[in-house]
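Dear colleague,

Please find below the structure that I am handing over to you, together with its sequence. My notes on selected local features follow it.

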Amino acid sequence: MSLGMSRIDLWQIKRLAFSSEMEPVMRTIKSNLLILFICLVLAGHAAAVNDGVFYSRGGTLIPLQETQISLRKEVLKFFVTDYQFMNVEVDFEFYNPGNEKSVIVGFVTPPASGDIGEDETAHHPRISEFTVRVNSKAIAFEFKRMSETSFKFDDREIYGTDYVYYFPVTFKPGFNKIRHTYRFQGGASVEHQRYFDYQITTGKRWANKQIDDFELQIHLDRGIFFVPLSFRKTGQPANWEIIGRGSFSKPQTLYFGEESPNIKLVQIQNGYLSLKQTDFRPDRDIGIGEYHWNVGSHTKMCNNIKSCPKVTEVYDNLFQYFRVEPSEYFSEDNLAELSRDDLAIVRNFPYAIRGYPFKSPMIKRFYSQFFWYLPDQELKITDITLSKSEEEFVKKILNVEKRK
C-alpha cells in the first residue's frame, strides 16, 4: 500500500528527506495508512495441514502460501471523499477445487498515530464502517491488536501494535465471494497534502500466486493526484485509463529522487480512473496522493519542464494557496502580500481545475502551462458550484483586491 513500493521501500526514501529525529514520526505517518489483506487458517487445524496460508504450531499461526484456494477475481473501488477520507469497496471471487475448507480471513491495519492527540482515538486505527459478507451473508468479525492474539507476526509487514479484523470463512467447493467495505482517513506530510496507501501485493499469497482478473476503480475529487506508473519491478507500465473527462501528465516523473519509482499525475473532472489487467502479479503496491505545490512539486505538473515557472520565493508564496480545499487559516493579511495578478491567479484556481475557459489572456496563459488544465468551451461560470471552503476563500481574495 505504498506508491508502487513496499512499506520498507517508501520508508527508506522518506528517510533521505528527514533528519534521524523524524524517523519515528515518519514511520507512524506511513503506518497510518497501511492496509494489509492476509489470510489465516484456523488454529484448530493440525500442524500437518500445510496447504493453508497459516498452520498451527505451539499455539501460534505460522504463515504459509495457500496452495488450494485461488483468487480468481478482484474488483477494488476507491472513493476519495471529504478531502482526507477514502471509502473502499472490494469484491473477491475465490475458487476452491477441493472439499469444503474453513479458514480465518484477517485484515491488518496499524493504529492511528501522528498529530492526533493523546485521547482514546490515538489507540485505534483510522478505520470505520467495516463490513464483510461471505457468499452474500453478513459475517461477524473480531477486532484485536496482533500482540493480543495467538497469530505469529514475524512478517516484517506486520507489527504487534497493529490491529487485526478477523472473521471465519467456510470456502465451499467451487466459487466463493467475499465483499468488504470500510472507510479510512488518509495521511499528510511535508511533501503531501494527502496520500492514501493500499497493499495489493498480498494477492499473490493465494494458490495461483496472482489475481487472475483484476479491476481497480479510483474515484477522485478535483485534486491533481499521483499514481504508480508501474506495479512491476520490470517497469512495465500499468494500463491506466480515464473513464470520463480528465488528463494525464505527459512526461513520467519520479516520486521523490533518483532511487524512487516513476509515477503518473492525473486530474479527473468527471468520471474515474480505471485499471484492468489479467494475470495480475504486482510487485509494488498502490499509493495515490496529492503533492503540496509550494515545495517545488509544481514542476511535475507542467506540460514542458523548460517553460515551467521556476522555483522562487514569489511562486512558493503563490502556490501555497493551490488547494482544492483551502485552509480556513489562510488570512487576508497573508493574501495582501500577493500582487494583483497573483491574487487573480489564486482566485481562479477553483475554476481552472474545473476546466473553465478563461477570457483573460494572463490567466489563460498561466494555467495553460499545466497538463491538468483542460478547458471546456461549453462550460459557463453559472455551471460551476464551489465548495463552502472555496467560496469563503474567494471572498477573502475579493476583499483584498478591493482594498488594493
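This is a predicted model: local features need pLDDT of at least 70, side-chain atom pairs count only at pLDDT 80 or more; totals for chains, interfaces and linings use all residues.

In which strand is the place of Gln277? Gln277 belongs to strand β17, which covers residues 262–280; strands (E, at least two residues) and helices (H or I, at least four) are DSSP runs numbered from the N terminus.

Residues are numbered from 1 along each chain as its sequence is written, and side-chain values use heavy atoms, with hydrogens and water left out.

Strand β17

The C-alpha atom of Gln277 is separated by 8.8 Å from that of Ile211, 66 residues apart along the chain. Leaving aside neighbours within four places in sequence, Gln277 is in contact (heavy atoms within 4.5 Å) with Asp212, Asp213, Phe214 and Asn239. Strand β17 also contains Asp279.

Positive phi values

Most residues other than glycine have a negative phi. Asp279, not a glycine, has a positive phi of about 50°, and its relative accessibility is 39%. Asp279 therefore counts as partly exposed (between buried, under 20% relative accessible area, and exposed, over 50%, with a 1.4 Å probe and protein chains only). Asn135 likewise is not a glycine and has a positive phi of about 50°. Asn135 is located in the loop between β7 (127–134) and β8 (137–138) and is partly exposed, with a relative accessible area of 29%.

Strand β4

Ser70 is part of strand β4 (residues 70–81). Ser70 counts as buried because its relative accessibility is 7%. Not counting residues up to four places away in sequence, Ser70 touches Glu93, Phe94, Tyr95, Trp206, Ala207 and Asn208.

Helices α5 and α8

The axes (lines fitted to C-alpha atoms over the stretch in contact, with angles running from 0 to 180 degrees between N-to-C directions) of helix α5 (residues 340–347) and helix α8 (residues 388–403) come within 10 Å and cross at roughly 160°. Helices α5 and α8 are therefore roughly antiparallel to each other (angles over 145 degrees). Arg340, Leu343, Ala344, Val346 and Arg347 of α5 make the contact with Phe393, Val394, Ile397, Leu398, Val400 and Glu401 of α8.

Yours sincerely

How values were computed:
Angles under 35 degrees count as roughly parallel, over 145 as roughly antiparallel, 65 to 115 as roughly perpendicular and the rest as oblique.
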